[in-house]
Amino acid sequence: MNNRIMSSSVFKEDESFPLTVHRVEDHKACVVHSHEFHELVVIMAGRGRHITERKASPLEAGDVFLIRGDMRHGYGDMEGMTLVNILFDPRRLKLPMAFLRDLPGYHALFRVDPQIRTPERVRSRLRLSEEELAEAAGMIALLQEEMSRRKPGYRFLACTHLMALIGFLSRCYAHASRHADRPLLRMGEVLSHIEQHYCEPIAIRQLTGIAHMSESTLMRTFHRVLGRSPMEHVIRVRIQRAAELLQQGDVRVTEAAFKCGFSDSNYFSRQFRKVMHASPRVFRARYHRPVDHPAHQSVTRRS
C-alpha cells in the first residue's frame, strides 16, 4: 500500500482549534497513511483488522488505541465497523496532561502502547467492557455535540469533555482483567511510580519489581518507548520537576535541586543543562521578573 499523509487541514472548520471528532458508520478498508496529528480511536461496533508497517491485528468493539502522528496505519477486512476518530494536535491543543502523571493507565495508553509495535501489542490493547464502552460513548456524544453546535464557549467545553474521556479511558486500563493486558499497564505503573516518587531514592531493583521484568527487559522496553534507560528517565523527570519549581521565581537553585531528589548541586546543574539546554540560574532568570514592591525586592536578589 502507498503511504498518504493526512494534514492538519482536517481542522479546517476552525483551524485555530486543533480538535475534531468523526464518527464513521460501516467504515471501509483504508490504505496505509500517517497524520500530522494524533488520533484516538474507539471501536464502537463490528470487526476488522488494523494494519501497521509490521503486522495486521484484529479489531473488535471496545478496542481503544492511540495513533501518533508518526505512525503509519490503515484498516482492512471491515465487517460492519463503526468507529470514532478523535483527531487532535497535542502541540497546539494545550491540555493539562501533566495532571495524569500519577495514573498508570494514562502512561500505558498514551505513552507505552503507541510505541510497542510488536505482535504483543495487539494482546495488550485496551478493550472496554460493554458498560465502559457505553459510558465512553456518552462522553463522546457530549464532545460531538459541542463540536457540532459551536455555541460560544464550545472550545472550553469541548476540551473539558475530551479531558474527561481521556481520564476515564486511562482509569479503564487499570480495570483490564485479561492477563495479556498487564505488561503495558505494568510499564505504566513504573512510569507512574517515578512521577510520584522522583524526590526519593529510586533503584533499578524497585522498578524491575514493579514491572515484573528482568533488568535487561526493562532496559530494552524503556529504550523502545522513551529512547533512554530507566535511570536516565528518573533524572529527566527530576529535572523537569525542578524546572517547574524554578519557573516560580522564588525558589533557589539549591532548594529546587534538593526538593527534586538531587543531593549534589553541581551534579544537578550538569544534568539540568543537558536536559534544558541552559544552566539552572539562567533558566530561573527567564521566569523571574523583578517587581517594584519593596516586599519582593529581597526575593529578586536571591540566586
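# Chatting through a predicted model

Trainee: Starting with phenylalanine 262: buried or exposed?

Mentor: Phenylalanine 262 counts as buried, because its relative accessibility is 5% and the cut-off for buried is under 20%. Keep in mind that this is a predicted model.

Trainee: How many aromatic pairs does the structure hold?

Mentor: There are six aromatic pairs in the structure. Phenylalanine 262 and tyrosine 267 form an aromatic pair, with 6.1 Å centre to centre and 50° between the planes.

Trainee: What do you call that arrangement of phenylalanine 262 and tyrosine 267?

Mentor: That pair is tilted. In general, a pair of aromatic rings is described by the distance of the centres and the angle of the planes.

Trainee: Which residues form the aromatic cluster with Phe262?

Mentor: Phe262 is in one aromatic cluster together with Tyr267, Phe268, Phe272 and Phe283.

Trainee: Where does serine 269 sit?

Mentor: Serine 269 belongs to helix H10, which covers residues 265-276. Its relative accessible area is 27%, so serine 269 is partly exposed.

Trainee: How far apart in space are serine 269 and isoleucine 239?

Mentor: Their C-alpha atoms are 9.4 Å apart, while in sequence serine 269 and isoleucine 239 are 30 residues apart.

Trainee: How many bridges does E4 make with strand E7?

Mentor: E4 pairs with E7 (residues 73-88) over twelve bridges, in the antiparallel sense. For example, valine 42 has valine 84 as its bridge partner in E7.

Trainee: What stands opposite valine 42 in E6?

Mentor: In E6, that's valine 64. E4 and E6 (residues 63-67) run antiparallel and are joined by four bridges.

Trainee: And how many bridges join E4 to strand E5?

Mentor: Five bridges join E4 to E5 (residues 56-60), and these strands run antiparallel. There, arginine 49 has proline 58 in E5 as its bridge partner.

Trainee: Okay, helices now. How many residues of helix H1 are buried?

Mentor: Eight of the nine residues in H1 (residues 104-112) are buried, and the helix is mostly covered. Among them are Tyr106, His107, Leu109 and Phe110.

Trainee: How do the axes of H1 and H4 cross?

Mentor: They cross at roughly 100° and come within 7 Å. That makes H1 roughly perpendicular to H4, because angles from 65 to 115 degrees count that way.

Trainee: Which residues meet there, between H1 and H4?

Mentor: On the H1 side you have Gly105, Tyr106, Ala108, Leu109 and Phe110, and they meet Ile166, Leu169, Ser170 and Tyr173 in H4. By class, that contact of H1 with H4 has seven nonpolar residues, two polar ones and no charged ones.

Trainee: Is histidine 161 buried or exposed, and why?

Mentor: Histidine 161 is buried, because its relative accessible area is 18% and buried means under 20%.

Trainee: What does histidine 161 touch, leaving out residues up to four places away in sequence?

Mentor: With those left out, histidine 161 touches Met139, Leu142, Leu143 and Glu146.

Definitions and conventions
Residues numbered from 1 in each chain as written. Predicted model: local features only at pLDDT ≥ 70, side-chain atom pairs only at ≥ 80, totals over all residues. Heavy atoms only, no water. Phe/Tyr/Trp six-rings, centres within 6.5 Å; stacked < 30°, edge-to-face > 60°. Buried < 20%, exposed > 50% of the residue type's maximum accessible area, 1.4 Å probe, protein only. Helix = DSSP H or I, 4+ residues; strand = E, 2+ residues; numbered from the N terminus. Pairing = 2+ DSSP bridges. Contact = heavy atoms within 4.5 Å. Axes fitted to C-alpha atoms, helices over the stretch in contact; angles between N-to-C directions. Parallel < 35°, antiparallel > 145°, perpendicular 65-115°, else oblique. Nonpolar A, V, L, I, M, F, W, Y, C, P; charged D, E, K, R; others polar.
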